[in-house]
Amino acid sequence: GIGTYIRNLVRHLGQIDQENQFFLLVRPTLADCLGKLPANFRWVAERSRSYTLREQVSVSWRLLRLRVDLYHATHYVLPLFVPSPTIVTIHDIIHLLFPELLPSRLALHYARRMIRRSLNRGDRIITVSENTQADLKEHFRVDEGKIQVIYNGVDPVFHERLSEEELDRRLGVLGLERGYVLFVGNPKPHKNLDNTVKAFARALTIRPFDAQLVCVGAREGSDFKLKRRAEQLGVGDRLRLLGHVASEALPAIYQGASLFLYPTLYEGFGLPVVEAMASGVPVITSKTSALREIAQGYAHLVDPLDTDEIAKAIAHLLNTPEQRASLAAVGSRRSHDFDWQRTAQATHDLYLEVLAKRNAGPASGSRR
């Protein structure tokens, strides 16, 4: 999700601003992910590992040498020293709400301290949903005037409908046929994939259907557990684990689904839900966190811990084509509320606001 945010933000900033100079601190192996950018965008190789002291020292040194006038941290980690005004994007506080995702209690302490430091040190804070803003207010003392909610967008490619022939061709390469239930996400505990498989199996006992459950996302080390769970529940032959797929394959994978199933426990935004809506697929998702904010009234919302409720929703929608069509239509309309161009423009406006405030100060200098 954060990678998608960075890629789309930078690409659209390149369309908006060809005047100010942008330095992009990127690992050398990842520079190609952002594609061709205008001449005022310059790559700066940063090889230090994330969440390390070396990263904090190295980025501080680079910012000093570059003499930047504004630093945008696209995640909650700030370097030790930032010689300029700072904007920080905080996508969620999942590391605090689900500490089991972290390797140790020290990592939890690090996450809590870094978020607090970003809130105190940042001149402005961007959150990608009202829900994340509310979470920050609940768990930290924060200057509410600093925070601005700027929603993520959705790539226009998800709005483009493939012909039936092209759709079948692309799905055939992956060994898929249209009409499956789709899940997109990694196997981390908050993604609730075990309950997803349980609900799928339960749905078959409520009202039979022919669909498979197709799961997209890298799951190193967890495939065996998921397959074993599916076999225990009698749906081993219906579970397809595609693993990581190229981003170019996603539009076809979404469009080939009869239903998108995303009952996760917590999301800072819920990008796969919006991508599914843009693809014209009816959605079942959770009535929790940002998912309620993004999807209420446009998807079937369920309690992610209630497998019976999820199962009933699956069985009902797979057996009522008119309901699926209705949800797909309202979801498609909702997806147009999220646009990366608007995301980048709002972010750029914030850059200029902070720069103007800096340049109005007594120690202001020339903008770079």
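**Close-ups of a predicted model**

**View 1. Six strands line up in an open, parallel sheet, in the order β9-β8-β7-β10-β11-β12.** This is a predicted model, as are all the views that follow. β9 (239–243) and β12 sit at the edges with a single partner strand each, so one side of each has no neighbour in the sheet. Going from one strand to the next, the twist averages 20 degrees.

View 2. β5 (residues 124–127) pairs with β6 in the parallel sense over three bridges; look for I126, whose bridge partner in β6 is Q148.

**View 3. Helix α10 (residues 271–278) packs against helix α13 (residues 321–335) at an angle of about 115 degrees.** Their axes are 7 Å apart, and α10 passes α13 in a left-handed crossing. On the α10 side, V274, M277 and A278 make the contact; α13 answers with G331, S332, R334 and S335. Sorted by class, that contact has three nonpolar, three polar and one charged residues.

**View 4. Helix α13 on its own: 15 residues reaching 21 Å from the first C-alpha to the last.** That span is close to the 21 Å expected at 1.5 Å a residue. Which residues of α13 are buried? They are R324, L327, A328, V330, G331, S332, R334 and S335. What do these buried residues pack against? Their partners are the strands β10 (257–262), β11 (283–286) and β12 (300–302), plus the helices α10, α11 (289–295) and α12 (307–318).

**View 5. R358 in helix α14 (residues 340–359).** R358 counts as partly exposed because its relative accessibility is 24%, and the cut-off for buried is under 20%. Now find D69: R358 and D69 are 289 residues apart along the chain, yet their C-alpha atoms are separated by 8.4 Å.

Conventions:
Residues numbered from 1 in each chain as written. Predicted model: local features only at pLDDT ≥ 70, side-chain atom pairs only at ≥ 80, totals over all residues. Heavy atoms only, no water. Axes fitted to C-alpha atoms, helices over the stretch in contact; angles between N-to-C directions. Helix = DSSP H or I, 4+ residues; strand = E, 2+ residues; numbered from the N terminus. Left-handed = near helix turned anticlockwise from the far one by under 90°. Contact = heavy atoms within 4.5 Å. Nonpolar A, V, L, I, M, F, W, Y, C, P; charged D, E, K, R; others polar. Expected span 1.5 Å × (residues − 1). Buried < 20%, exposed > 50% of the residue type's maximum accessible area, 1.4 Å probe, protein only. Pairing = 2+ DSSP bridges.
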